[in-house]
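Take a look at the model below. Then use this briefing to find your way around a few of its features.

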Amino acid sequence: MKEAANDVVDKLQNLTVKDDEVEEEFKKDFGSRLRLVKGALLIQEIGNQLHCSIISIAKAQVLFHQFQRLKKNAFNTVWLAASCLNLSIKLCEEDVKLDEVILKFYHAAQDLKSTLNPDRPDPSSEELRQMRRNLSLVQYSICGVMAFKVQCKIAHTYLYKFLAQLHSLSDVSEVVIISMSSTATKLLSTYYLCEGCLDFNADEIAIACLQFTFLYCGVVVPSVKYLMKRELSSVENKDRISDILDELILVSDVSTTLKYI
């Protein structure tokens, strides 16, 4: 048993970052809390390519941020991102195969190299087998570091519950609903690229996002105003909502379609 454990440790150490081939964070920076993390953006881009739900993508980003906060630079950024996305896919029961995840991140890693291979060949069957094993080892490490508490709440769940209520309001047009939904979703997608999203509760982030969206879209419908007041009144510490709003204002001009470097 001891030899088996040591074997796992050796394999994990072989996956640790030993070079700076992959930068961890973007140059675009609003301070340490709101730095846009490259691994989180990789998760977003590849998650979208695999047609994962926004919920799966956001949960994977939270897992990535949590692990990095606890074990900074423990693994190569690309494969840590792949492991977090695959874990989230399993948790959310998405119909995405492991090999699909591996191949997407494999080619993303190739694109990040200084010398590109124009042919972009897929890995051999043996390489693919080893990648599956490596990904499993990283996932095992993630679960171990987090004491196997990998379920996490995200703001999107609360946001969508609120937006669903708008469809039942007779004085709210479809245009208003679409405008609020698209603005809020894009804002949350950007905010979850930042490690700072870990410092607030999911419901607090959702309410702050709704407040921002409400003001940004210039919504004047009485029924929506009433719902917003009710949501805000449920918050015990309104200063935290103000803090999140300040951060959302800072990140609101960042496009969620930024390309990783």
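Predicted model: local features only at pLDDT ≥ 70, side-chain atom pairs only at ≥ 80, totals over all residues.

Residues are numbered from 1 along each chain as its sequence is written, and side-chain values use heavy atoms, with hydrogens and water left out.

**The second largest pocket**

- The second largest pocket holds about 230 Å³ of space. A pocket is an open set of points on a 1 Å grid over the protein atoms alone, where a 1.4 Å probe fits, with protein on both sides within 12 Å along at least five of seven lines. The volume is the space filled by probe spheres set on the points.
- The lining has 15 residues. Lining residues have an atom within 4 Å of a point. Nearest the centre lie Asp203, Glu204, Ile207, Glu231 and Ser234.
- Helix H7 (155-166) and helix H9 (202-216) are the elements that give two or more residues to this lining. H9 gives the most, with five residues. Helices are DSSP runs (H or I, at least four residues), numbered from the N terminus.
- By type, the lining divides into six nonpolar, four polar and five charged residues. Ala, Val, Leu, Ile, Met, Phe, Trp, Tyr, Cys and Pro count as nonpolar, Asp, Glu, Lys and Arg as charged, and the others, Gly among them, as polar.

**Helices H3 and H7**

- Helix H3 (residues 54-70) packs against H7 at an angle of about 150°, with the axes 9 Å apart. Therefore H3 is roughly antiparallel to H7 (an angle over 145 degrees).
- Ile54, Ile55 and Ala58 of H3 make the contact with His156, Thr157 and Tyr160 of H7. Contact means heavy atoms within 4.5 Å.
- The residues of this contact divide into four nonpolar, two polar and no charged.

**Asp99**

- Asp99 is found in helix H5 (residues 98-111).
- Asp99 touches Leu128 and Arg132, not counting residues up to four places away in sequence.
- Asp99 and Met131 are 32 residues apart along the chain, and their C-alpha atoms are separated by 9.1 Å.

**Two positive phi values**

- Most residues other than glycine have a negative phi.
- His51 has a positive phi of about 60°. His51 sits in the loop between helix H2 (38-49) and H3, and is exposed at 69% relative accessible area.
- Glu93 has a positive phi near 55°. Glu93 sits in the loop between helix H4 (77-91) and H5, and is exposed at 71%.

Notes: Axes fitted to C-alpha atoms, helices over the stretch in contact; angles between N-to-C directions. Parallel < 35°, antiparallel > 145°, perpendicular 65-115°, else oblique. Buried < 20%, exposed > 50% of the residue type's maximum accessible area, 1.4 Å probe, protein only.
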